Structure formats: structure tokens, C-alpha cells
Amino acid sequence: MKVVFHDRFYEVYTSDPAAARGRMESMVKALEGKYSFVEPEPASERDLARVHGQAHIQQIRKDAPLYGIARLAAGGAIRAAETAFEGEPAFGLVRPPGHHASPDSCWGFCYFNNVAVAVRKLIAEGKIERALVLDFDLHYGDGTANIFVNSDEAIYFHPEAATRPAFLQKIERALQCPTPYDIVAVSAGFDRHREDWGDLLATED
Ligand SMILES: [Zn+2]
């Protein structure tokens with residue numbers, strides 16, 4: 001597995017908790033030495049425009065440092081998707097997150113929808129027809145769901161269960177979804193962890 005990461009993701013780009021100091025370091029420490037790291041390029045405006053309206057893009061652009069880091073995160077998702085498409089699993093260790101970013105609005109510490117930008121790029125390039133988007137974050141990815149509503153491009157799945165075995169079983173069943181898909185795009189929010197709000201999953205999950 002390749003880990004997509006850039007030193008710029010250490011930067012504190014705004015005052016929300018997702019941008020706080022010290023959050024990336026522990027993840028880098030856990031992955032370093034076990035996986036090879038690759039750097040992303042920022043997503044282009046064309047990449048963003050496949051998902052977001054011009055007014056939204058221009059709104060984020062007013063804050064130049066934020067715009068730069070948000071484009072780099074979306075570019076990280078693209079790099080992970082391209083690596084996976086070439087046959088090697090990939091993990092985009094990026095921030096800001098994206099699943100609360102809709103076409104024309106955003107909230108919840110998200111700015112651009114990283115997963116959707118990556119999926120739409122693979123589709124636009126004719127590499128895939130459909131993705132299964134598995135979002136195991138504690139919170140529902142309203143942005144991702146809004147982007148792909150009534151669309152054949154992605155199946156959005158956000159598992160919910162009261163127990164850890166039931167949660168993992170739901171994911172297994174989702175992966176066996178009868179609708180064919182070409183790639184699995186995971187919104188990997190870690191707030192379902194036993195030591196976080198979700199209080200459900202173990203590190204090995
Ligand atoms: Zn969350």
C-alpha cells in the first residue's frame with residue numbers, strides 16, 4: 001500500500017479541530033517505515049469544477065492558504081485513486097477532510113469533497129464507470145451523498161450499527177453489493193474509534 005502525504009498537511013490552516021496541531025504526526029508515526037510515502041499535486045480548478053460550482057470555488061479561493069491546502073488534499077485523494085486504479089491499494093493521509101462539502105456549500109471542517117473529486121476524475125478520464133464510496137466516519141457524509149444523489153457514478157454507503165461485529169458485517173455485505181463497481185473509495189474518518197466519539201472500532205479494524 002502507498003501512503004499519499006505531504007509535509008504541508010502538518011500546517012495549521014484554520015482554527016477548527018481538524019486543522020489542529022499534532023493530529024497528523026501520530027498517524028505518520030504509525031505508518032512510517034511500513035509503507036512507502038508519495039506526494040500529491042494540488043487538484044486543478046478543472047478537477048474541482050467537476051464537483052463544485054464556480055461560486056463555491058471562488059469563495060474558498062478568497063482565503064489563499066486555505067485554498068492551497070484544500071486543493072492539495074483533493075489532489076491527495078486523486079493520487080490515491082490513480083494509484084489504486086493502477087492496481088496498488090493507496091491511503092490518502094490528507095486534511096482538510098471533504099465529506100461535508102456539497103456542490104455549492106460546505107461545513108464540518110470540509111471545503112472540497114476530496115473523494116468525489118477523485119471519483120469524478122477517474123470517470124472523466126474513462127478509467128472507471130462507477131465507484132463504491134464507503135464512508136466509515138461517525139458522521140453521515142451529506143456532501144458526498146448530495147453530489148452523487150440520482151447518479152450512476154457512485155453508490156454511497158454509510159454503515160451504522162450498535163455493535164462492532166454488526167458494523168463490520170455491514171461493510172462486508174456492502175462490498176458484495178450486486179450493482180457492479182470498479183473501485184472502492186473510502187472516506188476514512190477515525191471518529192468511530194473506541195477512543196473517540198464513536199466508541200466502536202479497534203485500531204486493527
Ligand atoms: Zn466525523
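A salt bridge is a side-chain nitrogen of Lys or Arg within 4 Å of a carboxyl oxygen of Asp or Glu. The views below are taken from a predicted model.

**View 1. Arg 95, a buried residue without a salt bridge.** Arg 95 sits in the loop that connects β3 (90-92) with α5 (114-124). The nearest side chain of opposite charge belongs to Glu 25, 6.1 Å away.

**View 2. Contacts around Arg 95.** Leaving aside residues up to four places away in sequence, Arg 95 touches Phe 9, Tyr 10, Glu 11, Val 12 and Tyr 13, among others. Its contacts also include Ala 18, Ala 19, Ala 20, Arg 23 and Met 24, as well as Ile 69 and Ala 73.

**View 3. An open sheet of three parallel strands.** The strand order is β5-β4-β6. β5 (154-157) and β6 (183-187) are the edge strands, each pairing on one side only. On average, neighbouring strands of the sheet are turned by 20 degrees against each other, direction ignored.

**View 4. The pairing of β4 with β6.** Strand β4 (residues 131-135) runs parallel to β6 and is joined to it by five bridges. Leu 134 has Val 186 in β6 as its bridge partner.

Definitions and conventions: Residues numbered from 1 in each chain as written. Predicted model: local features only at pLDDT ≥ 70, side-chain atom pairs only at ≥ 80, totals over all residues. Heavy atoms only, no water. Helix = DSSP H or I, 4+ residues; strand = E, 2+ residues; numbered from the N terminus. Buried < 20%, exposed > 50% of the residue type's maximum accessible area, 1.4 Å probe, protein only. Lys, Arg positive; Asp, Glu negative; His and termini not counted. Contact = heavy atoms within 4.5 Å. Pairing = 2+ DSSP bridges. Axes fitted to C-alpha atoms, helices over the stretch in contact; angles between N-to-C directions.
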